[in-house]
Amino acid sequence: GIRLHPGHTWARLEKDGLVTVGIDDFAHKLVGPATVDLPALGTHVAQGEPALALRDEGRAVPMLSPVDGTVVAVNPAARGDAAALADPYGAGWLFKVKAPRLAANFRQLHPTAPALRMLEDAGEALVRRMSPELGQVLQDGGTPVHGIARALAGDDWEALAREFFLV
């Protein structure tokens with residue numbers, strides 16, 4: 001039931017009609033253990049516009065909202081505890097919105113099969129950036145480790161993350 005935004009955030013329609021928003025596993029692993037700056041309750045977020053930020057060591061990477069709407073709940077665990085993001089599609093959700101344009105917004109997001117392909121493509125692009133002549137040779141089957149942006153780009157990890165998050 002999750003739909004992915006190309007900027008590596010996701011949206012899921014809940015039974016109560018609200019939309020839960022989070023970051024995908026690729027974003028979590030690229031930036032690594034980070035804290036999250038979440039929008040305040042009552043804030044209007046717009047699809048494709050910055051709505052939150054992943055923050056680590058004083059640097060922040062903005063993330064785009066997958067839907068339009070008004071923020072009606074935030075996950076307090078995600079706000080102050082980097083470990084809460086370890087389950088990005090479950091307990092690591094970030095905020096909930098009342099989304100009046102949900103049908104239009106969902107047409108712009110990737111459902112399951114295209115979303116999986118999008119994540120595979122992002123992983124392959126990251127591998128090419130690491131070592132273009134080798135391809136995917138990571139021992140765990142190609143899954144990046146947490147904080148790989150810092151390992152690849154050092155102090156320029158923000159620029160690397162922004163490249164993948166479309167901001």
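Is Asp 37 buried, exposed or partly exposed? At 31% relative accessibility, Asp 37 counts as partly exposed. This value, like the others reported here, comes from a predicted model.

The protein chain has 167 residues, and 46% of them count as buried. Its secondary structure comprises six helices and nine strands. Contacts were also examined by sequence separation. Among those with a separation of 6 or more, 64% link residues 24 or more positions apart. The chain exposes about 7900 Å². Carbon and sulfur atoms supply 55% of that area.

Salt bridges were searched for across the whole structure, and six were found. One of them joins the side chains of Asp 37 and Arg 55, at 2.7 Å from N to O. Asp 37 belongs to strand β4 (residues 35-37) and Arg 55 to strand β6 (residues 50-56), so this pair ties together parts that are 18 residues apart in sequence. Arg 55 is partly exposed, with a relative accessibility of 31%.

A second pair links Asp 68 and Arg 101. Their closest N and O atoms are 2.7 Å apart. Both residues lie in loops: Asp 68 between β7 (59-64) and β8 (69-74), Arg 101 between β9 (95-98) and α3. The pair therefore ties together parts that are 33 residues apart in sequence. Asp 68 is buried, because its relative accessible area of 12% falls under 20%. Arg 101 is partly exposed, at 45% relative accessibility.

Another salt bridge lies within a single helix. The side chains of Lys 29 and Asp 25 meet at 3.1 Å, N to O. Both residues are in helix α1 (residues 25-31). They are four residues apart, about one turn of the helix. Lys 29 counts as buried, at 15% relative accessibility. Asp 25 is partly exposed, with a relative accessible area of 24%.

The nonpolar residues were considered next. In soluble globular proteins, nonpolar side chains tend to be buried together. Here, the largest nonpolar core holds 34 residues. The members that touch the most others are Val 19, Leu 52, Val 67, Leu 94, Phe 95, Val 97 and Phe 165. Several elements each supply at least two residues of this core: β3 (19-23), α1, β6, β7, β8, β9, α3 and α6 (157-165). A second, separate core has five residues, including Trp 10, Trp 93, Ala 115 and Met 118.

Leu 94 shows the reach of these contacts along the sequence. Leaving aside residues up to four places away in sequence, Leu 94 touches Val 21, Gly 22, Ile 23, Val 36, Leu 38, Leu 52, Val 74, Asn 75, Ala 78 and Leu 85. One of these, Leu 52, is also among the core members that touch the most others.

Helix α3 spans residues 102-107 and contains Ala 104. Ala 104 has a relative accessibility of 21% and counts as partly exposed. The C-alpha atoms of Ala 104 and Val 67 are separated by 9.0 Å. Along the chain, these two residues are 37 residues apart.

Notes:
Residues numbered from 1 in each chain as written. Predicted model: local features only at pLDDT ≥ 70, side-chain atom pairs only at ≥ 80, totals over all residues. Heavy atoms only, no water. Buried < 20%, exposed > 50% of the residue type's maximum accessible area, 1.4 Å probe, protein only. Contact = heavy atoms within 4.5 Å. Areas by Shrake-Rupley, 256 points an atom, 1.4 Å probe, with all protein chains shown as cover. Salt bridge = Lys/Arg side-chain N within 4 Å of Asp/Glu carboxyl O. Core = buried A, V, L, I, M, F, W, Y, C linked by side-chain atoms within 4.5 Å.
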